[in-house]
Amino acid sequence: MSGNEVSDPRIYGIKAKIRVVPDFPKKGIMFQDITTLLLDPKTFKDTIDLFVERYRDMNISVVAGIEARGFIFGSPIALAIGAKFVPLRKPKKLPGEVIFEEYELEYGSDRLEMHVEAVDPGDRALIVDDLIATGGTLCAAMSLLERVGAEVVECACVIELPELMGRERLGGKPLCVLIEYR
Amino acid sequence: MSGNKDEEDPRINGIKTKIRVVPDFPKKGIMFQDITTVLLDPKAFKDTIDLFVERYRDKNISVVAGIEARGFLFGPPIALAIGAKFVPLRKPKKLPGETIFEEYELEYGNDRLEMHVGAVEAADRALVVDDLIATGGTLCAAINLLERVGAEVVECACVIELPELKGRQRLKGKPLCMLVEYRCSF
């Protein structure tokens, strides 16, 4: 499997289950809705299996999932490969001591937070989200993990929007996706 | 599993010890039940999921509805293991396309839970999953959404219950399965 678009017969079934919703959340955006994939148990299982097969022998010790759709894919992957799961969350959701990283939105900025002590130096991390667009959120996620001394092994997304060039914002870290949408 | 100590599975104690209680979050007086520390222990996290899967795998559950966002941590692995579809129940304006909503009360004001139209059908047998039940307001809204489209809510499943808040009584008679109780008074 290459670090780019995965080729496997299961991919066609997964691609067919993604619903594209025009003009959401605003005009001009073709929203990639993965909830329809979750409605098909076989397709959802195939999605998880494809990632698990790739990562199970890579000694990943932590899967970091980006709130909220990254939780849906990251949690089953972590369980299957025996890694701990760390949620990366919007501000003020995590109790106790956190660190944060800011990232840009189209208008303004937002923050991603992580629990201090959830990740140790030397942890080998996989970051999971449903989709990579501009790469801003994934870049913030990588920064959080690297700041505590973890090694980001790879980023994994179901969908990539390659025209937004998010891949180039990952500081050279590899990205594995199942589907590209152009 | 729902609180009868004589039958308590040995895995439950391991899960309970991993839950971190954070005082005064999100505000003073609240003892917040933090499950992220359970997720940091692969065995405890697996045991949590296994306990629910063992309970539900032969109950013909066709849909697991998970409540955003911590219900998304437990619901999808359960759904995958039992071969059910997963339906996210979300805060307003997150789900694209056509949705229905149910309002529920907060301490101050209201909030809404949304579900996609067409995700759940009248013949579906549903399990509702969240990390914790407090007052039961959110779970009640979830039950309402599922019943409005004609599904049968078989049970609600939570890792933690705060029994003093009596959420169990707000579930329209639906059974609740939980793994760990937290009482502020003893």
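# Buried residues, helices and the A–B interface

Author: In this predicted model, B:Arg90 is buried, with a relative accessible area of 5%.

Reader: Why is B:Arg90 called buried?

Author: Buried means under 20% relative accessible area. B:Arg90 has 5%, so the residue counts as buried.

Reader: Where is B:Arg90 in the chain, and which residues is it in contact with?

Author: B:Arg90 lies in the loop between β4 and β5 (99-105) of chain B. Neighbours within four places in sequence aside, B:Arg90 is in contact with A:Ala68 and A:Arg69 of chain A, and with B:Glu68, B:Phe72, B:Leu95, B:Arg112, B:Leu113 and B:Glu114 of chain B.

Reader: What is A:Asp8 called, buried or exposed?

Author: A:Asp8 has 19% relative accessibility, and the cut-off for buried is under 20%, so A:Asp8 counts as buried. A:Asp8 is in the segment before α1 (10-17) of chain A. A polar atom of the A:Asp8 side chain lies 2.8 Å from the backbone nitrogen of A:Arg10.

Reader: How far apart are A:Asp8 and A:Ala80 in sequence and in space?

Author: They are 72 residues apart in sequence, and 20 Å apart in space from C-alpha to C-alpha.

Reader: What makes α4(A) mostly covered?

Author: Ten of the 13 residues of α4(A) are buried. Among them are A:Phe71, A:Ile72, A:Phe73, A:Ile77 and A:Ile81.

Reader: What is the span of helix α5 of chain A, and what is expected?

Author: Helix α5 (residues 136-147) has twelve residues and reaches 17 Å, close to the 16 Å expected. A:Gly149, with a positive phi near 90°, follows α5(A).

Reader: Which residues of α5(A) are buried, and what do the buried residues pack against?

Author: The buried residues are A:Gly136, A:Leu138, A:Ala140, A:Ala141, A:Met142, A:Leu144 and A:Leu145. The buried residues of α5(A) pack against strands of chain A, including β3 (62-66), β5 (98-104) and β8 (151-160).

Reader: How many residues of chain B are in contact with chain A, and how much area do the two chains bury?

Author: 34 residues of chain B are in contact with 34 residues of chain A. The two chains bury about 2700 Å² between them, 73% of it on carbon and sulfur atoms. In chain B, B:Leu40, B:Leu80 and B:Pro96 lose the most area to chain A, together 21% of what that side buries.

Reader: How many salt bridges and polar contacts are counted between chain B and chain A?

Author: The count is zero salt bridges. Nine residue pairs are in polar contact, both residues being at pLDDT 80 or more.

Reader: Which element gives the most to the side of chain B that touches chain A?

Author: α4(B) gives the most, with five residues. The residues of that side of chain B divide into 21 nonpolar, four polar and nine charged.

Terms used
Residues numbered from 1 in each chain as written. Chains lettered and ligands numbered in written order. Predicted model: local features only at pLDDT ≥ 70, side-chain atom pairs only at ≥ 80, totals over all residues. Heavy atoms only, no water. Contact = heavy atoms within 4.5 Å. Buried area = accessible area lost by both parts, 1.4 Å probe. Salt bridge = Lys/Arg side-chain N within 4 Å of Asp/Glu carboxyl O. Polar contact = N/O pair within 3.5 Å; in protein donor to acceptor, adjacent residues only side chain to side chain. Helix = DSSP H or I, 4+ residues; strand = E, 2+ residues; numbered from the N terminus. Nonpolar A, V, L, I, M, F, W, Y, C, P; charged D, E, K, R; others polar. Expected span 1.5 Å × (residues − 1). Buried < 20%, exposed > 50% of the residue type's maximum accessible area, 1.4 Å probe, protein only.
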